[in-house]
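Dear colleague,

Please find below the structure that I am handing over to you. My findings come after it.

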Amino acid sequence: MRRGFSIIEALIACTLISGIAVCLFGVWAMHAKATAHSRDMMVASAWAEQVMEGELAKGYTAENDTLVHTFSVTHIVADVPINREYLYRVYVQDGATPTAPGLKTVRVEVAWEEGGQWRTWHIVTQLSWQG
């Protein structure tokens with residue numbers, strides 16, 4: 001009677017376990033990347049909303065801002081601080097037409113670099129003159 005595994009059986013088992021481990025690590029890496037992207041989108045969205053509220057508080061006197069502003073956020077991931085720079089800009093366009101006089105469009109755009117590519121998030125609203 002033979003006891004134990006043959007070398008071929010052991011190699012097949014190691015190959016199967018290695019293949020499963022590689023697949024699981026791939027899923028884990030995709031999850032980590034998606035989580036980081038979601039975090040950046042959440043920060044950009046919250047900042048754009050905050051800046052938009054400031055523009056709305058100005059009312060119809062809001063004007064186009066030609067400057068590109070920056071802010072940074074430090075995320076703590078596995079006890080390691082990760083600093084991310086964001087850029088934002090406010091566009092105010094006088095979109096008055098004969099059918100809709102006194103209408104302005106306000107757009108806040110936030111951008112950041114992620115994995116060598118620039119990502120953006122923007123929100124748009126319209127202001128009307130109450131005269």
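Predicted model: local features only at pLDDT ≥ 70, side-chain atom pairs only at ≥ 80, totals over all residues.

Residues are numbered from 1 along each chain as its sequence is written, and side-chain values use heavy atoms, with hydrogens and water left out.

Helix 1 covers residues 7-58; helices (H or I, at least four residues) and strands (E, at least two) are DSSP runs, numbered from the N terminus. Its 52 residues should span 76 Å at 1.5 Å a residue, and the end C-alpha atoms agree with this, being 77 Å apart. The expected span is 1.5 Å times one less than the number of residues. Among the buried residues of helix 1 are Asp40, Val43, Ala44 and Met52, where buried means under 20% relative accessible area, exposed over 50%, and partly exposed in between (1.4 Å probe, protein chains only). The buried residues of this helix pack against strand 1 (69-77), strand 2, strand 3 and strand 4 (117-128). Just after the helix, glycine 59 has a positive phi of about 70°.

The largest nonpolar core has 16 residues; such a core is a set of buried Ala, Val, Leu, Ile, Met, Phe, Trp, Tyr and Cys residues joined through side-chain atoms within 4.5 Å. Phe71, Tyr86, Val90, Val106, Val108 and Val110 touch the most other members. Two or more residues each come from helix 1, strand 2 (80-94) and strand 3 (103-114), and helix 1 gives the largest share, five residues.

There are four salt bridges in the structure, each a side-chain nitrogen of Lys or Arg within 4 Å of a carboxyl oxygen of Asp or Glu. One of them joins aspartate 40 and arginine 84 (2.9 Å, N to O). That pair links helix 1 to strand 2 across 44 residues of sequence. Aspartate 40 counts as buried because its relative accessibility is 0%, and arginine 84 is buried at 18%. Another salt bridge joins glutamate 114 and arginine 119, with the closest N and O atoms 3.7 Å apart.

Lysine 104, in strand 3, is buried yet has no salt bridge; glutamate 63, the nearest side chain of opposite charge, is 5.8 Å away. A polar atom of the lysine 104 side chain lies 2.9 Å from the backbone oxygen of alanine 62.

Yours sincerely

Key: Lys, Arg positive; Asp, Glu negative; His and termini not counted. Polar contact = N/O pair within 3.5 Å; in protein donor to acceptor, adjacent residues only side chain to side chain. Contact = heavy atoms within 4.5 Å.
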